[in-house]
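Welcome! Take a moment to look over the sequence and the model, and then we can walk through some of the details together.

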Amino acid sequence: MASHRKPRTSVLASPTGRRTAAGLTTAALASVTLLSQSADAAPRAPKPTVEEVKQKVDGLYHQAEVATQKYNAAKERADEQRDTVDDLLDASAKRAEKMNESRRLLGTFASAQYRTGGMNPTAQLMLAKDPQQFVDRNHLMERLTGRQKQAVTDYQEQQAAATEQRARATRSLERLQASQASLKESKRSVQDKLAEARQLLSRLTAQEKARLAELERQKEAAAKRRAAEEARKQQERERQRQHDGDGSTGGSTGGSTGGSTGDSASSKGAKALAFARAQIGKPYVWGATGPTSYDCSGLTQAAWKAAGVDLPRTTWDQVKEGRRVATKDLQPGDLVFFYDDISHVGMYLGDGKMVHAPKPGASVREESIYYMPIYGSVRPG
């Protein structure tokens with residue numbers, strides 16, 4: 001007999017099953033709704049204020065300037081290494097030519113010896129037309145042997161020297177590659193910082209940009225007021241020194257180093273400052289040394305070069321040049337350095353002001369030295 005199976009009842013087909021499925025669906029929809037509401041209710045990060053944007057942008061510009069000095073240092077090393085490599089390659093080529101000359105001379109001697117067949121003196125005497133010819137030939141061979149020895153010695157010396165120069169050139173090439181890698185990394189760092197700053201500024205509305213400009217004007221005005229106040233104090237100190245000096249030193253002025261050395265430094269400082277002021281209005285470009293654009297240390301380097309003084313490329317090296325001077329004793333042409341990391345430099349103008357290449361988007365201009373925190377000052381020359 002055929003077996004009969006009872007048909008299975010679908011869970012969804014039963015009233016109880018339909019109620020259960022409906023309950024599950026409702027619960028799932030409720031969960032999704034709750035999750036959506038939770039996501040909507042999650043607090044969003046507030047939009048930064050204009051003051052916060054300014055602080056962030058200023059920080060990025062500062063970081064970019066530090067990276068610029070690293071770039072300048074790496075570029076200087078790369079340029080020096082490139083010159084060294086070129087010199088070594090030229091010297092190596094000349095050394096190779098000398099070695100080839102020694103090799104050609106040895107070849108000449110070898111050919112001569114082959115043509116003579118290396119005959120002994122007895123055979124040469126028997127074949128000579130007369131004894132005097134033998135004597136002359138034997139004397140020549142003795143001289144030739146001495147020249148051969150010298151040629152071998154010269155060749156060995158030239159070969160050893162050529163090998164050493166090739167090794168030096170290889171080491172210099174490796175250092176050049178390391179400098180170029182550092183140069184590339186510093187360049188990328190500068191570009192990244194500046195791109196981030198531009199992105200932050202691009203998000204500002206017209207009203208926010210106006211507020212940002214107002215904050216900048218307020219900062220500049222505060223720096224100018226302090227410069228004016230410090231200049232007034234300096235003039236009072238100067239008048240007091242002149243008054244005190246009338247009875248004893250014949251009215252010597254303060255701030256002078258005295259003698260021809262002081263006059264020379266003052267003259268060079270004036271020349272350097274005149275050059276710097278002539279660059280006012282030219283754009284700041286990181287890594288630039290003129291003549292159409294400058295970064296901060298590129299400007300001071302070019303200015304003092306115009307006065308006959310060679311300064312290093314970076315702020316970190318320029319601060320080591322010359323004599324340290326106090327802020328109250330600054331003279332026109334002195335270099336003023338800023339921030340604890342010595343990442344910016346300007347040239348003192350007088351009355352608390354300087355000429356400097358400030359930052360991307362700005363041009364060489366006059367500004368109060370109190371616009372940024374002062375690290376210290378030096379007098380080159």
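## Strands side by side

Strand β5 covers residues 365-368 and pairs with β4 in the antiparallel sense over four bridges. Helices (H or I, at least four residues) and strands (E, at least two) are DSSP runs, numbered from the N terminus, and two strands pair if DSSP finds at least two bridges between them.

On to another partner of β4: strand β3 (residues 344-350) is joined to β4 (residues 353-356) by three bridges, and these strands run antiparallel. Here M347 has V355 in β4 as its bridge partner. The hairpin of β3 and β4 has two residues between the strands, and D351 takes a positive phi near 55° there.

## How to read the model

This is a predicted model, in which local features need pLDDT of at least 70 and side-chain atom pairs count only at pLDDT 80 or more, while totals for chains, interfaces and linings use all residues. Residues are numbered from 1 along each chain as its sequence is written, and side-chain values use heavy atoms, with hydrogens and water left out.

## A buried loop residue

Between β4 and β5 runs a loop that includes A362. Is A362 buried or exposed? A362 is buried, at a relative accessible area of 10%; buried means under 20%, exposed over 50%, and partly exposed in between (1.4 Å probe, protein chains only).

Leaving aside neighbours within four places in sequence, A362 is in contact (heavy atoms within 4.5 Å) with P283 and Y284. From A362 to K282 is 8.7 Å, C-alpha to C-alpha, although 80 residues separate them in sequence.

## Salt bridges

How many salt bridges does the structure hold? There are 17 salt bridges, each a side-chain nitrogen of Lys or Arg within 4 Å of a carboxyl oxygen of Asp or Glu. One of them links R211 and E51, whose closest N and O atoms are 2.8 Å apart. Because R211 lies in helix α5 (residues 206-245) and E51 in helix α2 (residues 50-116), this pair ties together parts that are 160 residues apart in sequence.

Another salt bridge joins K359 to E216, with the closest N and O atoms 3.9 Å apart. K359 sits in the loop between β4 and β5 and E216 in helix α5, so parts 143 residues apart in sequence are tied together. K359 is partly exposed at 22% relative accessible area, whereas E216 counts as buried at 15%.
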